[in-house]
Amino acid sequence: MSPTQKRIKVFTLSTCIHCKKAKAYLSECQVPYESVDVDLMKGKERESIIAEVSRYNPRLTFPTILIGEEVIVGFNEEKVKKALDQ
Amino acid sequence: MTPEELYLILSRYAQSQGFQLNKDKEMVLEILAGLLENERRYGHRSCPCRLASGVREEDRDIICPCVYSRQDIAEYGSCFCGLYVSGAWNEDQIEKVSIPERRPPRKVALQ
């Protein structure tokens, strides 16, 4: 897979297996990404991140993955691969 | 308690309830490490795949096994996290899908 130029951001929980799998897959694809463990945040910072995740995914589930303009809820390898390839 | 110790306890629990732990033991041990981390952090074993408030009363529905697990196992063969599964799921007799969140959005912790 060729490295994508799209901005990739992953909202995760530090304890979540599906979040870990999502990050491992992105690393395997050798694409740069930013990730935030929402459960480790506190106070205003936490409120602000939760508001941000809710804009993309009102159910506030994890991982919430942004690849360019696309929002992928949960880790689905096929969907992530497709979004990276597009 | 270690994830391995919890694994033994929950294997017996799952069996007593008519379901099983996911056959992917490595994944299960990771989930259990998350559960134990939440217990250390909040004092209760809230689902490691959901955002907890840390307040027991608010997290009551997502204390593992969560109140949604039985319905998810019945419908999809697996709980939201993939910890508890049906025999058919472990035997690859049903399609493995990502489990949609059943928890009402208003219950998700905002604090």
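**Strand pairing and fold of chain A**

In strand β2(A), D37(A) is the bridge partner of T12(A). Helices (H or I, at least four residues) and strands (E, at least two) are DSSP runs, numbered from the N terminus. Two strands pair if DSSP finds at least two bridges between them. The model is predicted: local features need pLDDT of at least 70, side-chain atom pairs count only at pLDDT 80 or more, and totals for chains, interfaces and linings use all residues. Residues are numbered from 1 along each chain as its sequence is written, while chains are lettered from A and ligands numbered from 1 in the order in which they are written.

Confidence is given as pLDDT, the predictor's confidence in each residue, from 0 to 100. The mean pLDDT of chain A is 93. A value of 70 or more is reached by 95% of its residues. Within chain A, confidence is highest in β1(A), at 98. It is lowest in helix α3 (residues 77-85) of chain A, at a mean of 93.

Chain A contains three helices and four strands. Along the sequence they follow the pattern β-α-β-α-β-β-α. The radius of gyration of chain A, taken over C-alpha atoms, is 12 Å. The globule rule (2.2 Å times the number of residues to the power 0.38) gives 12 Å for 86 residues, so chain A is as compact as a globular protein of that length. Its C-alpha atoms fill a box of roughly 40 × 25 × 20 Å along the principal axes.

The four strands form an open sheet in the order β2-β1-β3-β4 (chain A), with mixed pairing. The edge strands, β2 (34-37) and β4 (70-73) of chain A, each pair on one side only. From one strand to the next, the twist averages 15°. Angles run from 0 to 180 degrees between N-to-C directions, and axes are lines fitted to C-alpha atoms, for helices over the stretch in contact.

Strand β1 (residues 8-12) of chain A pairs with β2(A) in the parallel sense, over four bridges. Here F11(A) has V36(A) as its bridge partner in β2(A). Four bridges also join β1(A) to β3(A), and these strands run antiparallel. V10(A) has I65(A) as its bridge partner in β3(A). A residue is buried if 20 or more other C-beta atoms lie within 10 Å of its own, exposed if 12 or fewer, and partly exposed in between, with C-beta atoms placed from the backbone. Four of the five residues of β1(A) are buried, so this strand is largely enclosed by the rest of the structure. Over chain A, 34% of the 86 residues count as buried.

β3(A) and β4(A) pair in the antiparallel sense over four bridges. T64(A) has V73(A) as its bridge partner in β4(A). The two strands form a hairpin with two residues between them. In the turn, G68(A) has a positive phi of about 60°. E69(A) lies in the loop between β3 and β4 of chain A. E69(A) counts as exposed because it has 8 C-beta neighbours inside 10 Å.

Helix α2 (residues 43-56) of chain A lies across β1, β2, β3 (64-67) and β4 of chain A. The helix runs at about 70° to β3(A). Two residues are in contact if their C-beta atoms, placed from the backbone, lie within 7 Å. The contact between the chains takes 16 residues from chain B and 16 residues from chain A.
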